Amino acid sequence: MKQFKFIMLILCIGLSSSLVAQEDLETLAKTSQTFRADADVAINKDEFVSGEALYRKSISLEPQNTASKYNLGNAYYKKEKNKEAMRRFVQAAEVADTKSEKHKAFHNLGNTLMNAKMYKEAVEAYKNALRNNPTDDETRYNLALAKEMLEKEQQNNGGGDNNDDKDEKEKDKEDKEGEEGEKKDEQNQEQNKDQEQKPEQGDEEEKQGDPKKPDQPQEQEQQKPQPGQLSKQQIESLLEAMNNEEQKVQQKMNVKDKKGAKVKSNKDW
């Protein structure tokens, strides 16, 4: 009997600890969201220093949350702090859970890479963005521009490597095939859902739900994300390339290009 009471006591203690831990996580998440919302307000009022500090607090409380890292990256980008923005978009892409989050993070990462004249890396970033949203025309435009600038750079450097050109064409072919496959998969899934789920009259409005608020991260999609996320090796290579290009970027910050089109704007959260 005493042994039974002892076991029950241990179970109660374990359950209480679990509940306390869950409450602590929920409290941290709510506090993090509050910091992020206040940061958004500060940035909109052009109070950059205050907004930056609030974003950092939000990230420290909830490191796996994409929204705060993404919004801080946008804040840096608008202040022309390109290197800082690049790092935050890399972090946002790394922890993003949904295709929508990944698409926007990679799109904006591509813009910062274009600013740093890292055209090869920008091409890959825009491709990853399109893998997560093949229908975005802005990303497709920026990808075409990045490829054009990369070709000009290779020509100025002696034409580049023929093997690299072949690899690039093969990658483009694979990307197109992958995008077509994703579209077909999505169409098949929609058809299956229509067949399996037959909502009754009057229930459609309730199932539609409310639109997401712009300062809140979108809910995780039912499907696991398709390829289009940075690997650890890619992140390390990208950061190394950023450091190698830093001095070149600093020297060219005050130089305005007389030719070429501009990349289209960053994606808001």
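## Salt bridges

A salt bridge is a side-chain nitrogen of Lys or Arg within 4 Å of a carboxyl oxygen of Asp or Glu. A search of this whole structure, which is a predicted model, finds three of them. One joins the side chains of D46 and K79, at 3.3 Å from N to O. D46 sits in the loop between α1 and α2, while K79 sits in the loop between α3 and α4, so this pair ties together parts that are 33 residues apart in sequence. D46 is exposed, with a relative accessible area of 56%, and K79 is partly exposed at 39%. Here buried means under 20% relative accessible area, exposed means over 50%, and partly exposed lies in between (1.4 Å probe, protein chains only).

Another salt bridge links E52 and R56 (3.6 Å, N to O). These two residues are four apart in helix α2, about one helical turn. E52 is buried at 18%, whereas R56 is partly exposed at 42%. E148 and K152 also form a salt bridge, at 3.5 Å from N to O; both lie in helix α7, four residues apart.

## How to read the model

Because the model is predicted, local features need pLDDT of at least 70 and side-chain atom pairs count only at pLDDT 80 or more, while totals for chains, interfaces and linings use all residues. Residues are numbered from 1 along each chain as its sequence is written, and side-chain values use heavy atoms, leaving out hydrogens and water.

## The overall fold

The protein chain has ten helices and zero strands. Helices (H or I, at least four residues) and strands (E, at least two) are DSSP runs, numbered from the N terminus. Of the 269 residues in the chain, 33% are buried. A contact means heavy atoms within 4.5 Å. Among contacts between residues at least 6 apart in sequence, 70% join residues at least 24 apart.

## Helix α3 and its lysine

Helix α3 covers residues 66-78. Its 13 residues should span 18 Å at 1.5 Å a residue, and its end C-alpha atoms are 19 Å apart, which agrees. The expected span is 1.5 Å times one less than the number of residues. Eleven of the 13 residues are buried.

Leaving aside residues up to four places away in sequence, K69 touches I59, P63, R88, Q91, A92 and V95.

A nonpolar core is a set of buried Ala, Val, Leu, Ile, Met, Phe, Trp, Tyr and Cys residues joined through side-chain atoms within 4.5 Å. The largest one here has 40 residues, and L109, L113, M114, M118 and Y126 touch the most other members. Which helix gives the largest share of this core? The answer is α6, with seven residues.

Ten of the 14 residues of α6 are buried, so this helix is largely enclosed by the rest of the structure. Y126 is among those buried residues. Beyond its neighbours up to four places away in sequence, Y126 touches residues including H107, M114 and T139. T139 belongs to helix α7 and is buried, at 0% relative accessibility.
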